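The exercises below are to be worked through with the sequence and the structure at hand. Each task is followed by a solution in steps.

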Amino acid sequence: MDTISLILISVGLAMDAFAVSLTEGLAIKKLRKRNILKIALVFGGFQAIMPYIGWRVGEVFVDKISQYDYIITTVLLLLIGGKMIYDGWKEEKCEVEGKCDMNSNLFILGFATSIDALAIGFSFSLIPNIDIYYSIEMIGLITFLIASIGVYLGHKMGHLISYKTEYLGGGILVLMGLKSLVGHFI
């Protein structure tokens, strides 16, 4: 996998962590560096661990499904991207109706926002000779940086942009899924 594709996947995966980081930033009365660091470490850590777990699980099945790898990768990316777009729509609707539940547990949110990374890790197992350690480092680092920015922006102006990030992340993953499908036939 080339670095640009990995960066795009990382950014796409980080968008739901970014959206949740915005809401976490909104809830912080007095922003401190340790708040940003804690939130960014949880999201970056989960986003790095989950693809590794998915990759390990996928390795067990890779021989049985390798002839369908491009279909599986495409479907996973389209489903994850579509779910992120749907979640953005749902969050937008909740903000308009004013019935949002903003109570959160950071570790549960870290896990919940990284389920898509688990699926990406599974699709990574279908890519021959992928450097999984470089991939998870990149995903974790990019998510850490994006979540840090999210907390800060959320504290400053998160109510203006929160759900739009879900649309962006979902759109990126859908485009990567389509690229995977088209790339197989070209």
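**Exercise 1.** Which residues do ring pairs link into a cluster?

*Solution.* The model is a predicted one, and in it the cluster linked by ring pairs consists of Phe46, Phe107 and Phe111. As a next step, take the count of aromatic pairs, which comes to four. One of these is formed by Phe46 and Phe111, whose rings are 6.4 Å apart centre to centre with 75° between the planes; since planes over 60 degrees apart count as edge-to-face, the pair is edge-to-face. Finally, locate the partners: Phe46 belongs to helix 2 (residues 33–65) and Phe111 to helix 4 (residues 106–112), so this pair ties together parts that lie 65 residues apart in sequence. Phe111 has a relative accessibility of 42% and therefore counts as partly exposed.

**Exercise 2.** Classify the geometry of the aromatic pair formed by Tyr52 and Tyr133, and state which parts the pair ties together.

*Solution.* The centres of the two rings, Tyr52 and Tyr133, are 5.9 Å apart, and the angle between their planes is 35°. Stacked pairs have planes under 30 degrees apart and edge-to-face pairs over 60, so the pair of Tyr52 and Tyr133, with its 35°, is tilted. Tyr52 lies in helix 2 and Tyr133 in helix 6 (residues 132–157), so the parts tied together are 81 residues apart in sequence. As for accessibility, Tyr52 counts as partly exposed at 25%, and Tyr133 likewise counts as partly exposed at 47%.

**Exercise 3.** Determine whether Ser10 is buried or exposed, and list its contacts beyond its neighbours within four places in sequence.

*Solution.* Ser10 is part of helix 1 (residues 3–27). Its relative accessible area is 0%, and because buried means under 20%, Ser10 is buried. With neighbours within four places in sequence left aside, the residues in contact with Ser10 are Met138, Ile139, Ile142 and Thr143.

**Exercise 4.** How many of the residues of helix 5 are buried, and which are they?

*Solution.* Of the 10 residues of helix 5 (residues 115–124), eight are buried, so this helix is largely enclosed by the rest of the structure. By name, the buried residues are Asp116, Ala117, Ala119, Ile120, Gly121, Phe122, Ser123 and Phe124.

**Exercise 5.** Which residues form a nonpolar patch on the surface, and what is their accessible area together?

*Solution.* The patch is made up of Ile49, Ile53, Val57, Val60 and Phe61, which together have about 430 Å² of accessible area. To place one of its members, Ile49 is found in helix 2.

Notes
Residues are numbered from 1 along each chain as its sequence is written. This is a predicted model: local features need pLDDT of at least 70, side-chain atom pairs count only at pLDDT 80 or more; totals for chains, interfaces and linings use all residues. Side-chain values use heavy atoms; hydrogens and water are left out. Helices (H or I, at least four residues) and strands (E, at least two) are DSSP runs, numbered from the N terminus. Buried means under 20% relative accessible area, exposed over 50%, partly exposed in between (1.4 Å probe, protein chains only). Contact means heavy atoms within 4.5 Å. Rings of Phe, Tyr and Trp (its six-membered ring) pair if their centres lie within 6.5 Å; planes under 30 degrees apart count as stacked, over 60 as edge-to-face and the rest as tilted. Patches are made of residues with over 30% relative accessible area and no salt bridge: like charges are joined within 9 Å, nonpolar side chains (Val, Leu, Ile, Met, Phe, Trp, Tyr) within 5 Å. Accessible areas come from the Shrake-Rupley method with a 1.4 Å probe; for residues, only the protein chains shown count as cover. A salt bridge is a side-chain nitrogen of Lys or Arg within 4 Å of a carboxyl oxygen of Asp or Glu.
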